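Dear colleague,

Please find below the structure that I am handing over to you. My findings follow directly after it.

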Amino acid sequence: MNQPDLATYSVIAIYSAMTVYAIAFICFALDLARRASLAKGAAIAPAVPLTVSAGSGSTALLDRPDAPASGDLDGPIGRVKRSRTARLGLYFTILGWILHVGGDVLRGVAAGRVPWANMFEFSVTMTAIIIGVFLFVQFWQDLLFLGVYVTGFVTLFLGLATTEYYVAVSPLPPPLQSYWLVIHVFVASLGTGFFGLGAALSVVQLLAARRVAKGLRPIPAIPTPERLETLAYRLIVVGFVFWSFTLIAGAIWADHAWGRYWGWDTKEVWTFIIWVIFAGYIHARATRGWRGSRSATLAIIGFGAVLFNFTIVNIFFHGLHSYSGL
Amino acid sequence: MARSPRPSDPESDATVDAEASDPKRPSDHFDSPAPEPGIVQPRLGIVGYLRFFWRQLTSMRTALLLLLLVAFAAVPGSLVPQTTSDPNGVIQYKASNPEWWVHTLEFLGVFNTYSSVWFSAIYLLLFISLVGCIIPRTMHHAKALRSAPPRTPSRLDKLEGYTSIDAGDVDVDKAIGAARAVLRRSGYRVRVFDGESVSAERGYLRETGNLVFHVALVGILAVVGVGGGFIYTGQKVVIVGQGFANTLSDYDSVSPGRWFNGDDMTPYQLLLTKFTAKYDDQSLSSYGEAIDYTAYVRTREPGRGWENQTIKVNSPLHVGDTDVYLLGNGYAPTLTFRNPKGKVVSTQTVPFLSQDTNLTSTGTIRVANGLPQQVAFTGLFLPTKCAQVAYCGAGLSSIHPDLINPSLSLQVYVGDLGFDKGKPINAFTLDPTGLKQIAGRGSGKPGLTLKPGQTVKLPDGLGSVTFDKHIARYASLDIHHDPTQIWVLTFAILVFLGLITGLFVPRRRMWVKAVKGKDGVKLEYAGLARGEDARLKEAVTDLAQKHSQLLGLNMKP
């Protein structure tokens with residue numbers, strides 16, 4: 001088999017992954033609709049007391065709480081069994097992910113290097129990481145309610161990548177011939193993946209907080225706003241560490257390639273802006289009056305800046321990073 | 001967030017203890033005690049106001065707003081080209097936008113956003129706020145590191161992860177001893193109170209990491225601000241076969257830092273012996289794209305012999321106390337000029353500036369002496385000119401970066417070139433004012449077009465020009481001397497390490513208490529998070545489990 005064949009199979013795998021993700025998206029959407037109707041139906045039923053808070057004050061059993069415990073999602077409904085549609089969505093997502101990663105690896109083999117040297121490859125790898133983190137997190141927390149957002153976002157982004165960003169396999173231009181390409185860009189996509197999920201949780205947090213403020217019952221199996229905030233924080237903090245690394249690694253690489261570690265190049269500026277926004281997010285979480293919806297808004301703005309940096313800045317702004325673009 | 005309750009024991013110094021070992025934070029940190037409402041502030045004097053402003057400046061809220069302001073203020077600099085990173089972009093931007101708009105931007109310093117007054121003001125305020133926060137915090141933390149954990153609260157059942165076990169007739173001393181040992185082993189700082197409770201604290205590293213992170217950020221700013229004065233960067237275009245000596249006068253352009261002294265430069269020599277460029281000829285889609293550039297050089301440092309070295313785009317050459325970077329390359333055609341009698345009056349090898357990835361290049365040539373008049377040329381050099389207009393265009397730009405079908409076209413000007421008046425002369429562009437165009441677009445006569453090896457007559461009987469067969473390559477080198485690099489890197493690594501420990505090491509307190517009751521001894525466990533701590537509950541359960549196992553107790557409550 002020669003190289004063009006591999007690259008073609010890679011594209012076929014990615015198109016297949018998109019199709020499977022789209023099916024997963026439909027499953028997750030149906031599941032959400034089901035949950036929403038459950039919440040409506042339950043509103044007529046006698047209200048369950050909203051004040052159960054497991055853990056404090058009780059003489060708790062000595063079971064290990066890291067096993068899937070009802071206390072973790074301590075909404076009044078407790079843990080709702082995953083519906084068949086949600087499980088189907090999960091299985092389709094796993095299948096799609098296998099195709100997706102397969103396509104990404106084939107692309108790398110076809111190019112004979114890491115598959116993140118241009119916008120198309122970076123999009124494919126970054127979205128694979130988002131799905132990967134999403135699936136991996138399921139072992140730790142039931143976050144299937146994010147399925148609609150995650151599969152929807154990834155399908156759209158892959159669609160954008162395959163139609164707008166696609167470039168044939170080509171050798172690396174001299175400025176990219178560095179092991180920093182492997183490290184700097186991969187960690188950047190890791191950071192993007194964690195920020196993306198964190199922002200998704202923050203969106204759900206804002207919606208849930210609005211429901212609470214309106215006095216509506218929470219949607220089954222969607223955690224409380226406080227719980228969502230904690231989850232989002234934990235993901236974003238990991239993303240922030242990756243992003244800090246990206247910034248430092250990028251500066252070291254810039255010093256090797258361009259002769260200065262920092263030059264306020266447009267891409268550097270935006271990486272810095274994103275770093276500062278998320279630093280702001282972390283500080284907001286520690287500032288009285290800024291926890292809750294305000295810090296969640298910052299997280300969403302931060303991820304918006306990440307997307308802006310990747311799409312608009314890459315394509316329309318003139319800068320030293322432009323060779324990695326179209 | 002729960003705070004350690006006040007103990008009932010009047011002799012206790014627990015409140016003081018607790019305050020002493022807490023990290024000191026701005027008063028609006030969510031972990032700090034809430035301000036008591038309804039207190040009427042006394043009237044403030046000048047000192048009071050100063051103190052008030054200082055408090056405001058060092059508060060979390062101000063720091064947060066300044067942070068967000070930095071992010072916001074950095075945006076315009078990415079929308080408008082910057083003088084430092086993209087000087088040509090600035091010139092183009094100014095030319096293609098209305099004057100009032102350019103003036104406004106100039107007035108606001110947007111072309112130099114990151115050294116502008118307003119941007120500097122914001123980040124300096126941020127850093128003052130930061131310093132005002134970290135100095136008291138560091139002093140406080142230094143004390144906390146030496147102090148023991150606070151007294152056990154009288155009631156544990158309102159605290160996080162509260163767990164109790166009926167231990168029957170277990171010996172209290174033994175139980176407390178075991179709790180002490182378990183906690184010690186898990187890295188807690190331990191203190192026993194009244195022989196019936198253990199108070200423990202761990203994670204001082206969290207605050208240490210936090211402080212290291214912030215101090216290292218200040219360090220980066222300080223190094224960049226102060227050390228920037230010792231940096232110099234120079235540019236030099238070197239044609240294959242030529243070289244330069246590392247002195248300021250030998251550079252094409254140089255930007256020295258404020259405190260840089262040219263006498264401190266190591267006077268090494270560098271000679272470019274060969275330059276190779278490889279272009280892709282395998283793949284159709286990336287045909288002609290660059291795969292590799294290598295500059296082969298010989299260098300000689302004072303007191304040493306010549307050494308052969310290479311410079312690539314991603315691997316600069318360290319020589320003397322500088323780093324030499326390969327930032328660009330192109331072609332330097334050689335032209336030989338003869339007067340009307342056929343005598344050679346000038347031979348020049350002139351670097352042409354590349355305009356695109358296919359190395360469409362432009363340059364200027366001046367012949368001051370020997371010809372009947374002073375003559376200047378502006379030239380367009382195409383390493384590969386399209387041979388078939390129908391297939392690849394009118395031949396105004398190169399279609400491949402290699403020398404496949406080289407072509408040079410020249411426009412000719414005559415007039416006073418200004419050499420005698422000592423006017424500064426730009427080697428790469430020609431200012432046509434005061435000159436008369438005698439060949440090329442707009443002059444009525446066609447320009448001159450040459451293939452390598454060709455000779456053509458100059459218009460108006462001025463003589464002739466020969467385009468040499470051999471077309472040299474040049475490398476454009478950047479020479480940097482930056483003694484601050486290593487410090488910035490050190491601080492950046494500290495920032496990263498501080499960040500990880502400051503975010504992921506949990507700071508927590510743990511208590512184990514043996515309460516004697518009617519039915520025997522009850523063992524109580526509880527914890528308290530200081531800052532984000534996701535696994536506190538598990539940690540308490542873990543402790544209870546380990547402890548009860550050590551005492552040989554059944555794990556059922």
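In this predicted model, the axes of helix α3 (residues 119-137) and helix α4 (residues 147-165) of chain A come within 9 Å and cross at roughly 170°. Axes are lines fitted to C-alpha atoms, for helices over the stretch in contact, with angles from 0 to 180 degrees between N-to-C directions; helices (H or I, at least four residues) and strands (E, at least two) are DSSP runs, numbered from the N terminus. Because angles over 145 degrees count as roughly antiparallel, α3(A) and α4(A) are roughly antiparallel to each other. Residues in this contact (C-beta atoms, placed from the backbone, within 7 Å) include Phe120(A) and Ile131(A) of α3(A) and Val154(A) and Leu158(A) of α4(A). By class, the contact has 12 nonpolar, two polar and no charged residues. Here Ala, Val, Leu, Ile, Met, Phe, Trp, Tyr, Cys and Pro count as nonpolar, Asp, Glu, Lys and Arg as charged, and the others, Gly among them, as polar.

Between the chains, the contact takes 53 residues from chain A and 64 residues from chain B. On the side of chain B, α3(B) gives the most, with eight residues. That side has 30 nonpolar, 19 polar and 15 charged residues.

Ile486(B) lies in helix α11 of chain B. Ile486(B) counts as exposed because it has 10 C-beta neighbours inside 10 Å (exposed: 12 or fewer; buried: 20 or more; partly exposed: in between).

Residues are numbered from 1 along each chain as its sequence is written, and chains are lettered from A and ligands numbered from 1 in the order in which they are written. Local features need pLDDT of at least 70 and side-chain atom pairs count only at pLDDT 80 or more, while totals for chains, interfaces and linings use all residues.

Yours sincerely

Note on methods:
Two residues are in contact if their C-beta atoms, placed from the backbone, lie within 7 Å. Angles under 35 degrees count as roughly parallel, over 145 as roughly antiparallel, 65 to 115 as roughly perpendicular and the rest as oblique.
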